[in-house]
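This briefing is meant for a reader who is meeting the structure for the first time.

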Amino acid sequence: PLLQDVNIGWLSQIATNAAARVMAQGAVANKVTYGVGADYKNLDALVFDAVNELIKPWFQDDTDLVVICGRTLLSDKYFPIINDASDNQNKLAGQVLVSQKQIGGLKAVRVPFFPDNAMLITKLSNLSIYWQDGARRRHIEEEPKRNRIVNYESSNDAYVVEDYDCVALVENIVMGPNPAPGA
């Protein structure tokens with residue numbers, strides 16, 4: 001229903017083949033929190049730490065690194081800026097900040113159907129789709145009883161992460177403070 005594929009995707013491959021490149025929890029089990037009293041004060045700090053801790057040093061300064069995320073995390077970052085603009089100067093400053101779409105100093109790339117509570121930091125050239133030559137199949141059937149034709153298509157494709165040293169996957173991101181001990 002969300003245009004998922006039957007293949008193993010990039011995020012699953014990173015979790016399976018490079019678990020050391022995945023941050024899935026902070027002070028609270030199964031949560032990476034941001035906000036007042038949380039693991040990180042904001043998403044920028046989270047991205048900065050993920051790059052420094054999860055990506056190998058020879059890729060940390062690469063200018064092609066981007067933050068891939070869904071609409072929800074970008075909204076969480078930019079809504080307060082837009083909502084707080086009460087005068088023209090603040091409105092203009094907010095529009096400039098929103099138009100740059102950056103998190104942690106890296107360009108933010110919004111991807112449809114990306115998990116709402118995750119972000120992937122890598123170079124776009126590090127993510128590939130391979131397909132097998134000659135393996136694309138197509139069959140068309142006519143269904144005159146229903147006044148239509150049916151199109152069956154398939155191909156052998158694979159989602160490939162070229163270099164796991166150049167990825168940082170942060171999952172289970174939640175806005176809000178960490179609960180008090182014993183709570």
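**Briefing on the predicted model**

At 25% relative accessibility, Asp-165 counts as partly exposed. An open sheet of six strands and a hairpin formed by β8 and β9 are described below.

**Confidence**

- Among the elements of the protein, strand β6 (residues 119-123) has the highest mean pLDDT, at 96.
- The lowest mean pLDDT among the elements, 61, belongs to helix α5 (residues 88-100).

**The six-stranded sheet**

- The strands of the open sheet follow the order β1-β11-β6-β3-β5-β4, and their pairing is mixed.
- β1 and β4 (102-103) are the edge strands, each pairing on one side only.
- Two bridges join β1 to β11, and the two strands pair in the parallel sense.
- Within this pairing, Val-22 has Leu-169 in β11 as its bridge partner.
- Helix α2 (residues 43-54) packs on the sheet, where it touches β1, β3 (65-69), β4, β5 (106-110), β6 and β11.
- The direction of helix α2 makes about 50° with that of β6.

**The β8-β9 hairpin**

- β8 and β9 run antiparallel and are joined by seven bridges.
- Four residues lie between the two strands of the hairpin.
- In the turn, Asn-147 has a positive phi of about 55°.
- His-139 has Tyr-152 in β9 as its bridge partner.
- Glu-141 stands opposite Val-150, which is in β9.
- Strands of a sheet pair through backbone hydrogen bonds, and they may do this in a parallel or an antiparallel way.

**Salt bridge between Asp-165 and Arg-21**

- The side chains of Asp-165 and Arg-21 form a salt bridge, with 3.4 Å from N to O.
- Asp-165 is in the loop between β10 (157-161) and β11 (168-170), while Arg-21 is in the loop between α1 (10-17) and β1 (22-23), so this pair ties together parts that are 144 residues apart in sequence.
- Arg-21 has a relative accessible area of 11% and is buried, whereas Asp-165 is partly exposed at 25%.

**Salt bridge between Arg-136 and Glu-153**

- A salt bridge joins the side chains of Arg-136 and Glu-153, at 3.5 Å from N to O.
- This pair links distant parts of the chain, 17 residues apart: Arg-136 is in the loop between β7 (127-131) and β8 (137-143), and Glu-153 is in strand β9 (residues 148-154).
- Arg-136 counts as exposed, with 59% relative accessibility, and Glu-153 is partly exposed, with a relative accessible area of 45%.
- Apart from its neighbours within four places in sequence, Arg-136 is in contact with Glu-153, Ser-154 and Ser-155.
- Arg-136 and Asn-156 are 20 residues apart in sequence, and their C-alpha atoms are 6.8 Å apart in space.

**Salt bridge between Arg-148 and Glu-143**

- The side chains of Arg-148 and Glu-143 meet in a salt bridge with an N to O distance of 2.8 Å.
- Arg-148 counts as partly exposed at 40% relative accessibility.
- Glu-143 is also partly exposed, and its relative accessible area is 22%.
- Side chains of opposite charge can pair when their charged atoms come close.

- Trp-10 is in helix α1 and Tyr-159 is in strand β10, so the pair links distant parts of the chain, 149 residues apart.
- Trp-10 counts as partly exposed, at 25% relative accessibility.

How values were computed:
Residues numbered from 1 in each chain as written. Predicted model: local features only at pLDDT ≥ 70, side-chain atom pairs only at ≥ 80, totals over all residues. Heavy atoms only, no water. Salt bridge = Lys/Arg side-chain N within 4 Å of Asp/Glu carboxyl O. Buried < 20%, exposed > 50% of the residue type's maximum accessible area, 1.4 Å probe, protein only. pLDDT = per-residue confidence, 0-100. Pairing = 2+ DSSP bridges. Contact = heavy atoms within 4.5 Å. Axes fitted to C-alpha atoms, helices over the stretch in contact; angles between N-to-C directions.
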